[in-house]
Amino acid sequence: MTKKISKSGSVHLPKELRSEIGMPTGCAVDINTDGESITICKHIPVCRFCGSAEYVLNVLGIEICRRCAEKIKEKVDEK
């Protein structure tokens, strides 16, 4: 499949293609490059602190797992 880049720099991903891999409209994506090509993948949230992908929440714009959130809460409660 070939697509053209628009004047604004965007590329339209056809609905059929997005549906095939489970990317609904509004889905967050990660865009990466290796210097020669660009890869677009469905965003998988990972904890900013430990890198875990289990039980990740978005708290005030920060992706954090419950385990790290609990550790932070314990530290806050100590003071």
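**Close-up views of a predicted model**

**View 1. Glu-16, a residue of helix α1.** Let's start with Glu-16, which lies in helix α1. Keep in mind that this is a predicted model.

**View 2. Arg-18, a buried charge without a salt bridge.** Stay in helix α1, which covers residues 15–20, and you'll find Arg-18 there too. Arg-18 is buried, yet it has no salt bridge. Which side chain of opposite charge is nearest to Arg-18? That would be Glu-16, at 7.7 Å. What Arg-18 does have is a polar contact: its side chain and that of Thr-25 are joined at 3.3 Å. Setting aside neighbours within four places in sequence, Arg-18 is also in contact with Leu-13, Met-23 and Pro-24, besides Thr-25.

**View 3. Glu-63 and the residues it touches.** Next stop is strand β4, residues 62–65, where Glu-63 has its place. Glu-63 has 22% relative accessibility, so it counts as partly exposed. With which side chain does the side chain of Glu-63 make a polar contact? Check His-43: the polar contact there is 2.8 Å. Not counting residues up to four places away in sequence, Glu-63 touches quite a list, including Pro-45, Val-46, Arg-48, Leu-57 and Asn-58. Cys-47 and Val-56 are on that list as well, and you'll meet both again in the next view. As for Asp-30, it is 33 residues from Glu-63 along the chain, with 14 Å between the two C-alpha atoms.

**View 4. The largest nonpolar core.** How many residues make up the largest nonpolar core? Five: Cys-47, Val-56, Ile-64, Cys-65 and Cys-68. In soluble globular proteins, nonpolar side chains tend to be buried together. Zoom in on Cys-68 and, leaving out neighbours within four places in sequence, you'll see contacts with Cys-47, Phe-49 and Cys-50.

**View 5. Helix α2, hardly covered.** Finally, here's helix α2, made of residues 66–78. Its 13 residues reach 18 Å from first C-alpha to last, close to the 18 Å expected at 1.5 Å a residue. How many of those 13 residues are buried? Just one, so by the under 20% cut-off for buried, α2 is hardly covered.

Definitions and conventions. Residues numbered from 1 in each chain as written. Predicted model: local features only at pLDDT ≥ 70, side-chain atom pairs only at ≥ 80, totals over all residues. Heavy atoms only, no water. Helix = DSSP H or I, 4+ residues; strand = E, 2+ residues; numbered from the N terminus. Buried < 20%, exposed > 50% of the residue type's maximum accessible area, 1.4 Å probe, protein only. Lys, Arg positive; Asp, Glu negative; His and termini not counted. Salt bridge = Lys/Arg side-chain N within 4 Å of Asp/Glu carboxyl O. Polar contact = N/O pair within 3.5 Å; in protein donor to acceptor, adjacent residues only side chain to side chain. Contact = heavy atoms within 4.5 Å. Core = buried A, V, L, I, M, F, W, Y, C linked by side-chain atoms within 4.5 Å. Expected span 1.5 Å × (residues − 1).
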